[in-house]
Amino acid sequence: MPELIHKAHDVYGITRDLPLNYVVRSDIDGRFVDALTRKKHVIIHGGSKQGKTSLRKYNLDDDSYVSVTCQTNWSLSTLMGAILKSAGFRVSTVMRPSERAVSGGFKIKAEFAPPIPGLKLGAEIAANAATADVKPRPFQLEIDPADTNDVIAALQEASFDKRIVLEDFHYLPIVTQQQFAFALKSFHDNSDYTFIVIGVWKESSRLTRYNGDLNLRVISIDADLWTAPELIEVIEAGQTLLNVQFTDGFKADLVEASFESVYLVQEACYRACQIAGISETCENICVIGNNVSAKEMVRQVVKEQTGRYQTFLMDFARGFQDTKLDMYRWVCFSVLRCSVKEMTDGLTLKKVMGMVRAKHPEGDKVSAASFTNALSNVAYLQAQKDVRPIILDYDENNRRLDVVDKGFLIWKSTIDIDEQLEVLDLPTS
């Protein structure tokens, strides 16, 4: 009889909390822990649902950081205000007619009050201040939220002493991402504050591309990388917790069918447990997989996303507005017409241009600048269309269009491509 009883949904599947079968990847977790000791900013990037947030949750104590979830319409000032709020400030806008013309158009009033005994919010700040023989005191500042120096001064005045996590950084407008890249250098040079930025993209040097001065000031970690042995370890870690045994064939087929996607592995294992009638740790070991197809399980998980993927294609094809070249509809054409292998590796700008120009009504008259402009905004377009999580991203350094939702690749391999092209009014094969 097992000593501890675990629910199957706490072990396998997609959960809000850290999965109980979390597997430490020596290269990924090791680099992250090492980065934390070097007082540098950390960028965690990779595909959707590939363990970026779990990496942070597993390796950081809950009381050692504050977390901010970025939104699609935030300016740099709004982002900085959210950071101050997470640090315990009460923020309100101060607007004067004479200030409407300055950068950002407004200032904010940042009020900080000592934490109330018994409340967790701000408790660590109080403890740190008490240790330093300094008592927290209420104070009020009027600051320019777009001025990093003002924000740093406010955090220091409050004796704030935590890391700052920015989740969903990819949803911010491009201009806000670029401006924050410059603010990040100021935080590094003028304070001890460190940021952990989490975003969905494959490019390892996105923020340093926005600001070359961040080179050697940030450490990028690609959480997208899962090897076959690591995925097997995820399955087997769950086996131990639930007292079950997946057959070797099931495990091998599942890893092969998953496109190295940990979330597909997790969800397929959970559904296999459901089929076997297992909702919690078994009294006696149960064997799973003899009468279940792992590949079919993955296909079922992906098939349920058909509506979301079709809606994505329709909304994405419309672009920001009607234009003569209709570039985003033709980006869809290149994504649908290329092979899954090509899309797995990423479509180069040259490849996209060649495929589109061969069928576009304007042919070679479609300029390279039109392609570059469209591709550079694919993530922002999806944010505007409320595509969550995003499916496509463009790596400007390598001039490559990437799929960052591996379920989309599997879905693409199962559909009638010509049928999808017809729906989008695009040339079929």
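Analyst: A term first: contact means heavy atoms within 4.5 Å. This is a predicted model, in which local features need pLDDT of at least 70 and side-chain atom pairs count only at pLDDT 80 or more, while totals for chains, interfaces and linings use all residues. Residues are numbered from 1 along each chain as its sequence is written, and side-chain values use heavy atoms, with hydrogens and water left out.

User: OK. Start with Lys251: which residues is it in contact with, leaving aside its neighbours within four places in sequence?

Analyst: Lys251 is in contact with Ile232, Ile235, Glu236, Gln239, Gln245 and Phe246, once neighbours within four places in sequence are left aside.

User: Is Lys251 buried or exposed?

Analyst: Lys251 has a relative accessible area of 4%. Buried means under 20%, exposed over 50% and partly exposed in between (1.4 Å probe, protein chains only), so Lys251 is buried.

User: And where is the place of Lys251?

Analyst: Lys251 belongs to helix H10. Helices (H or I, at least four residues) and strands (E, at least two) are DSSP runs, numbered from the N terminus.

User: Which residues in H9 meet H10?

Analyst: On the H9 side they are Ala228, Leu231, Ile232, Ile235, Glu236 and Gln239. On the H10 side, Lys251 is joined by Leu254 and Val255.

User: At what angle do the axes of H9 and H10 cross?

Analyst: Roughly 130 degrees, and the axes come within 10 Å. Axes are lines fitted to C-alpha atoms, for helices over the stretch in contact, and angles run from 0 to 180 degrees between N-to-C directions. H9 covers residues 228-242 and H10 covers residues 248-257.

User: What about H9 and H11, at what angle do they pack?

Analyst: H9 packs with H11 (residues 262-275) at about 35 degrees, and the two axes are 10 Å apart. From H9, the residues that meet H11 are Leu231, Val234, Ile235 and Leu242. Their counterparts in H11 are Val262, Val265, Gln266, Cys269 and Cys273.

User: So which H9 residues did you list for H10, and which for H11?

Analyst: Leu231 and Ile235 are among the H9 residues that meet H10, and Leu231 and Ile235 are also among those that meet H11.

User: Switching to sheets. What order does the sheet of five strands have?

Analyst: The order is S2-S6-S7-S1-S8, and this open sheet has parallel pairing. Two strands pair if DSSP finds at least two bridges between them. Neighbouring strands here are turned against each other by 20 degrees on average, with direction ignored.

User: Why is S6 largely enclosed?

Analyst: Because four of the five residues of S6 are buried, the rest of the structure largely encloses this strand. S6 runs parallel to S2, with five bridges joining them, and parallel to S7, with three bridges. Leu166 in S6 is the bridge partner of Val68, and Leu166 also stands opposite Val197 in S7.

User: How many bridges are there between S1 and S7?

Analyst: Five; S1 (residues 41-46) and S7 (residues 195-200) pair in the parallel sense. In S7, Ile198 is the bridge partner of Ile44.

User: Which strands does helix H2 lie across?

Analyst: H2 (residues 26-36) lies across S1, S6 (163-167), S7 and S8, and runs at about 165 degrees to S8. Helix H7 (residues 174-190) also lies across S1, S6, S7 and S8, running at about 155 degrees to S7.

User: Now the other sheet. What is the order of its three strands?

Analyst: S11-S13-S12, an open sheet with antiparallel pairing. S11 (347-348) and S12 (392-395) each have a single partner strand, so one side of each has no neighbour in the sheet. S12 and S13 (residues 400-403) pair over four bridges. Arg400 in S13 is the bridge partner of Asp395.

User: What do the buried residues of H16 pack against?

Analyst: They pack against H14 (327-337), S11, H17 (368-376) and S12. The buried residues in H16 (residues 349-357) are Leu349, Val352, Met353, Met355 and Val356.

User: Last one: what does Leu375 touch?

Analyst: Not counting residues up to four places away in sequence, Leu375 touches Val331, Leu349, Tyr394 and Leu401. Leu375 is in H17 and counts as buried at 1% relative accessibility. Its C-alpha atom is 8.6 Å from that of Glu396, although Leu375 and Glu396 are 21 residues apart along the chain.
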